[in-house]
Amino acid sequence: MGIWAQRVVVIDDDTDTLEILSRLLRDQGAEVVAVDHAGAALATILGVMPDVLLVDIAMPGLDGVSLIRKLRSLSPERGGRIPAATLSASSPDAEERAGWRAAGFQAHIGKPFDPAAVVALV
């Protein structure tokens, strides 16, 4: 199953995670932009206008939830409705997942992640 020409922005402060996800998605045909800190993420998203976002929840400074809330405040034409999934090493409970959905995420990918599940999600 290919994901040819899907533009994906991956935002994570862990460079190993960025490298693994980038390689995985590129091998399936996606165009990937990797961002290693949330501070530059919004400008990158607006410049790239990706089809999908994969966002680490726990980052220093601006966390994933705050980032997605800023993005969701924008009009659809400016990227306010880009589908997004959380990346998290923790095992979120139902309340935490509900909070992520309320902020604007549609899905969750746990770390370590299943490569096939990531590709299927994208």
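Where does Leu74 lie? In this predicted model, Leu74 sits in the loop that runs between α3 (64–72) and β4 (84–88).

Leaving aside residues up to four places away in sequence, Leu74 touches Leu46 and Gly80. As for Ala103, 29 residues separate Leu74 from Ala103 in sequence, and their C-alpha atoms are 13 Å apart in space.

## The overall fold

Stepping back to the whole chain, you will find 5 helices and 5 strands. Read from the N terminus, the elements follow the order β-α-β-α-β-α-β-α-β-α. The radius of gyration is 13 Å, close to the 14 Å that the globule rule gives for 122 residues, so the chain is as compact as a globular protein of that length. Along the principal axes, the C-alpha atoms fill a box of roughly 35 × 30 × 25 Å.

Of the 122 residues, 43% are buried. Among contacts between residues at least 6 apart in sequence, 64% join residues at least 24 apart.

## Surface and charge

The protein chain exposes about 6,100 Å², and carbon and sulfur atoms supply 52% of that area. On the charge side, there are 11 positive and 16 negative side chains. The centres of these two sets lie 8 Å apart.

Asp12 is buried, with a relative accessible area of 0%.

Lys111 also meets Asp56 in a salt bridge, at 3.5 Å from N to O. This pair links distant parts of the chain too, since Asp56 belongs to strand β3 (residues 52–56), 55 residues away from Lys111. Through shared partners, salt bridges join Asp12, Asp56 and Lys111 into one network. Asp56 is buried as well, at 5% relative accessible area.

Arg23 and Glu19 form another salt bridge through their side chains, at 3.5 Å from N to O. Both residues lie in helix α1, 4 residues apart, which is about one turn of the helix. Arg23 is partly exposed at 44% relative accessibility, and Glu19 is partly exposed at 46%.

Conventions:
Residues numbered from 1 in each chain as written. Predicted model: local features only at pLDDT ≥ 70, side-chain atom pairs only at ≥ 80, totals over all residues. Heavy atoms only, no water. Helix = DSSP H or I, 4+ residues; strand = E, 2+ residues; numbered from the N terminus. Rg over C-alpha atoms; globule rule 2.2 N^0.38 Å. Buried < 20%, exposed > 50% of the residue type's maximum accessible area, 1.4 Å probe, protein only. Contact = heavy atoms within 4.5 Å. Areas by Shrake-Rupley, 256 points an atom, 1.4 Å probe, with all protein chains shown as cover. Lys, Arg positive; Asp, Glu negative; His and termini not counted. Charge placed at Lys NZ, Arg CZ, Asp CG, Glu CD. Salt bridge = Lys/Arg side-chain N within 4 Å of Asp/Glu carboxyl O.
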